[in-house]
Amino acid sequence: MPIPTPSTVPVFRKKIESTQNEQSRKKKAKKKEFRLVYIKIETKEGKTVGEAAKELEIRFKGFSPARLIEPDETNLLLAVEKFLKNNPPRIYIVELTDGISRWFYVFPSVEKIKFEKKRAYRVFVVKKKDAVKEILRRIVSGEFSRRFKLDFLTLLQILIGFVPFILAYMMGQNSLQDLFNYLLWAVAIISAIQGIKKGYKEKSWEE
């Protein structure tokens, strides 16, 4: 008499596959990047930081922001870490200044927020949470300006790598289009390498 095949085997396999899929989704969720978005706003002539702050606080009221006046790196980090506990997709750091005083507003947001007449705008795609401290150090130091700038070492690396293509162009082996394509490729590669080293990628825009 033939022995019947247990009917529970397919169900057991489905459970295993379901568990594996859930674990895979959890791993992807852990690797999900978040953004620190830094905006610097300068007050208009004749308006104090306090007066301009009231306007911003009305706009940010629904986000329940943390307000910090003349914070150091540690205090700004504590404010950011408070919101990081809920794993938001982005955290905004808005600096309001009249050139003397500096007020900061920190809050999370799911949606992208538009700011007009901003003095500086930086988006940090953070891959390692340890990198947050370095980003905040740069913000507190006031190192940012309106335009995105390549550091001297990066520029030097690009120029050195560019030399063989310039020589090839002079000898008629490459076109101007080839040189331009190489320049774009070099900037992208070097930027990616630096992003891996630092634990975050810096951009002057947000998708």
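**Helix α2.** I looked up which residues of α2 are buried, and found Val 49, Ala 52, Ala 53, Leu 56 and Phe 60. They sit on the same side of α2, because the arc they cover around the axis is only 105 degrees. I kept in mind that this is a predicted model.

What covers the buried residues of α2? I found that the cover includes β1 (34-42), β3 and β4 (102-108).

I also checked the length of α2, which covers residues 49-60. Its 12 residues should span 16 Å at 1.5 Å a residue, and the end C-alpha atoms are 16 Å apart, so the two values agree.

**Helix α3.** I repeated the length check on α3, which also has 12 residues. From first C-alpha to last it reaches 16 Å, close to the 16 Å expected at 1.5 Å a residue.

I listed the buried residues of α3 as Leu 76, Leu 77, Ala 79, Val 80, Phe 83 and Leu 84. Down the axis they fall within an arc of 160 degrees, so they line one face of the helix. For their cover I noted elements including β1, β2, β3, β4 and α4 (132-141).

**Glu 95.** I located Glu 95 in strand β3, which is made up of residues 90-97. Is Glu 95 buried or exposed? It counts as buried, because its relative accessibility is 2% and the cut-off for buried is under 20%.

I looked for a partner to the side chain of Glu 95 and found Arg 102, with a polar contact of 2.7 Å between the two side chains. Leaving out residues up to four places away in sequence, I recorded that Glu 95 touches Tyr 38, Ile 39, Lys 40, Ile 41, Arg 102, Trp 103 and Phe 104.

**Pro 71.** I found Pro 71 in the loop between β2 (66-69) and α3 (73-84). Pro 71 counts as buried because its relative accessibility is 12%. With residues up to four places away in sequence again left out, Pro 71 touches Leu 76, Arg 102, Phe 104 and Val 140. I took one distance: the C-alpha atoms of Pro 71 and Phe 104 are 7.7 Å apart, while 33 residues separate the two along the chain.

**Second largest pocket.** I noted about 440 Å³ of space in the second largest pocket. Which residues lie nearest its centre? Among the 16 lining residues, these are Ile 41, Glu 42, Lys 44, Glu 116 and Lys 117. I then sorted the lining by element: β1 and α2 each supply at least two residues. The largest share, 4 residues, comes from α2.

**The whole chain.** I counted 6 helices and 6 strands. Starting at the N terminus, I read their order as α-β-α-β-α-β-β-β-α-α-α-β. The chain has 207 residues, and buried residues make up 33% of them. Finally I looked at contacts with a separation of 6 or more, and found that 74% of these join residues 24 or more positions apart.

Conventions. Residues are numbered from 1 along each chain as its sequence is written. This is a predicted model: local features need pLDDT of at least 70, side-chain atom pairs count only at pLDDT 80 or more; totals for chains, interfaces and linings use all residues. Side-chain values use heavy atoms; hydrogens and water are left out. Buried means under 20% relative accessible area, exposed over 50%, partly exposed in between (1.4 Å probe, protein chains only). A polar contact is a pair of N or O atoms within 3.5 Å; within protein, one must be able to donate a hydrogen and the other to accept it, and residues adjacent in sequence count only if both atoms are side-chain atoms. Contact means heavy atoms within 4.5 Å. The expected span of a helix is 1.5 Å times one less than its number of residues. The arc is that of the directions from the helix axis to the C-beta atoms. On a 1 Å grid over the protein atoms alone, a cavity is a set of points where a 1.4 Å probe fits but cannot get out, and a pocket is an open set with protein on both sides within 12 Å along at least five of seven lines; lining residues have an atom within 4 Å of a point. Grid points are joined across faces, edges and corners, and a volume is the space filled by probe spheres set on the points.
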